[in-house]
Amino acid sequence: MGFLDRLLRNNAATVGMKMAETVEHPMPATSIPLVNGDCWPSDMDFYGYASGAYCREYAVRVVIDFIIRNIASLPFKVYRKNADGDAEEVSDGALADLMKRPSPLPGMTRYRFISMLLRDMLLDDRWLCLLGVNGGRFTLRRIPSDCYQLAGNAFGEITGVNLLTMDSQQAMHFDLPDPRVHLDVGFISGLQFGDSVTNVLRPLLAEAKAMASYRRSIAKNGMQAGGYVYRPKEMPWLSQEDYDEFTNALRNFIQNGGREGGWPVLKDGMEMRPLDNVFKPVDVNDLEARDRINIAVCSAFQISPENIGFRTGTNSNISAYKEQLWNVELMPYIVALEEALNLSLPEAVGEPDCYIKANVDAKLRGTTYEQYQALSTATGRPFMTTNQARKILDWPRVPGGDQLITPLNVSEGGQPSPQDGGRTQNAQENNPVNGEDAKAMLAEFKRLYRYDAQFHSEWDALTKEETS
């Protein structure tokens with residue numbers, strides 16, 4: 001993989017500039033010059049590329065980062081089916097070691113590597129990585145979408161991958177299937193492999209950018225006050241200098257005049273009169289326009305605006321939105337990533353009986369109180385020893401604290417929960433109360449009632465005696 005090593009040693013600004021096509025065009029004046037003579041890409045350089053929408057569009061950046069953070073933070077574990085068909089977690093092995101540290105690059109953790117693959121899929125509708133060996137263990141190297149081309153036949157079937165150099169020349173070719181190449185591609189039509197959502201959003205975002213520029217121009221050039229100074233025609237100006245002096249004084253109270261927020265002293269006979277139909281910032285619905293763009297971007301990526309914060313939820317529906325987030329909105333992205341990894345990666349590392357699975361339950365456990373209550377109810381007994389509970393509080397161990405204590409009122413196959421107290425069990429079994437027990441209960445009730453009545457009678461007599 002010498003080509004990949006050379007690719008990674010290229011200057012970051014050079015890599016950024018090569019994201020644009022190689023067509024000759026003048027360098028925009030808005031590009032930021034760097035020390036080595038290159039320029040950081042401007043809006044014009046980024047036009048037409050999905051990475052530009054991610055780097056420069058607020059709503060796109062927030063929604064994509066929200067999806068990436070939630071999925072990449074999931075524990076990706078390796079499992080194997082045993083002889084009974086049950087899933088067993090695999091902690092040792094080539095695939096498990098690969099998922100713990102996919103990349104050999106410095107600072108490239110599992111979270112960062114998964115994040116890059118997801119970002120490529122969301123922005124470019126495809127991702128690609130190469131499997132190699134480094135230090136006796138398998139590693140993965142992600143290839144940026146601008147550094148490779150997919151080859152296919154007339155039926156839209158992918159047949160090969162061409163890795164490119166910085167000047168868009170072919171450097172390496174792989175005929176597929178190849179155990180070194182692992183990829184996932186979304187939309188395929190003919191020879192077009194991958195078509196991101198950002199391409200659909202680009203006209204909407206361009207319109208929003210034009211409207212934002214228009215609103216800034218109105219705010220900058222519009223009238224700063226909703227009124228005018230009235231001077232009767234019977235009071236002519238004394239001279240041109242008198243008029244110019246008053247006009248220049250008014251200009252000191254507009255934007256950048258130095259006295260914004262105040263008002264000059266008017267001469268005798270002058271009046272301040274309001275103007276109808278004067279532009280006000282609320283007239284252009286600036287905040288509402290931004291909210292609508294943010295909501296539209298959320299809809300494009302199939303995410304509820306309430307989960308991101310673009311639209312306010314209520315206490316009654318916020319839990320429903322969270323459940324919908326993981327069961328409906330993010331699940332397709334998770335399934336696509338799992339199946340793409342499991343399609344060829346386990347077999348390539350020599351463990352075809354293993355598979356990778358994201359532990360979504362880690363995000364749905366709720367609060368600590370809800371977890372403990374659910375576990376206690378599900379097991380029908382306490383699930384934690386005394387020393388395990390003391391360890392959570394950073395307290396020392398106690399003798400005999402490693403024994404799991406079960407209350408005497410909880411028996412195997414009895415009530416469903418140690419907090420139940422037998423009420424559910426009696427209700428389910430519909431245990432009747434026999435006649436002897438009913439008579440005893442009635443006698444006890446009558447005794448207590450007579451005692452209560454005698455107590456109140458004596459108390460009333462004592463109260464009357466003290467009153468008299």
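I started with helix H13, residues 331–348: its 18 residues reach 26 Å from first C-alpha to last, close to the 26 Å expected at 1.5 Å a residue. The expected span is 1.5 Å times one less than the number of residues. Helices (H or I, at least four residues) and strands (E, at least two) are DSSP runs, numbered from the N terminus.

I note that this is a predicted model: local features need pLDDT of at least 70, side-chain atom pairs count only at pLDDT 80 or more, and totals for chains, interfaces and linings use all residues. Residues are numbered from 1 along each chain as its sequence is written, and side-chain values use heavy atoms, with hydrogens and water left out.

**H13, continued**

Where does H13 bend? I find a bend of about 40° at Asn-342, with Pro-346 following within four residues. The bend is the angle between axes fitted to the seven residues ending at a residue and the seven starting there.

I checked burial next. Buried means under 20% relative accessible area, exposed over 50%, partly exposed in between (1.4 Å probe, protein chains only). The buried residues of H13 include Ile-334, Leu-337, Glu-338 and Leu-341. Pro-346 is buried too. Just after the helix, Gly-350 has a positive phi of about 90°.

I looked along strand E15, residues 354–358, and saw its side chains alternate. Cys-354, Ile-356 and Ala-358 point to one face and are buried. E15 pairs with strand E3 (residues 76–81) in the antiparallel sense, over 5 bridges. Pairing requires at least two DSSP bridges between the strands. Lys-357 of E15 is the bridge partner of Lys-77.

**The E7-E8-E9 sheet**

I then traced an open sheet of 3 strands, ordered E7-E8-E9, with antiparallel pairing. Strands E7 (148–152) and E9 (170–175) are the edges, each pairing on one side only. E7 and strand E8 (residues 158–164) are joined by 5 bridges. Tyr-148 has Leu-163 of E8 as its bridge partner.

Which residue makes a side-chain polar contact with His-173? I find Asn-162, at 2.4 Å. A polar contact is a pair of N or O atoms within 3.5 Å; within protein, one must be able to donate a hydrogen and the other to accept it, and residues adjacent in sequence count only if both atoms are side-chain atoms.

Asn-162 lies in E8. Asn-162 counts as buried because its relative accessibility is 13%. Not counting residues up to four places away in sequence, Asn-162 touches residues including Cys-147, Tyr-148 and Met-172. Contact means heavy atoms within 4.5 Å.
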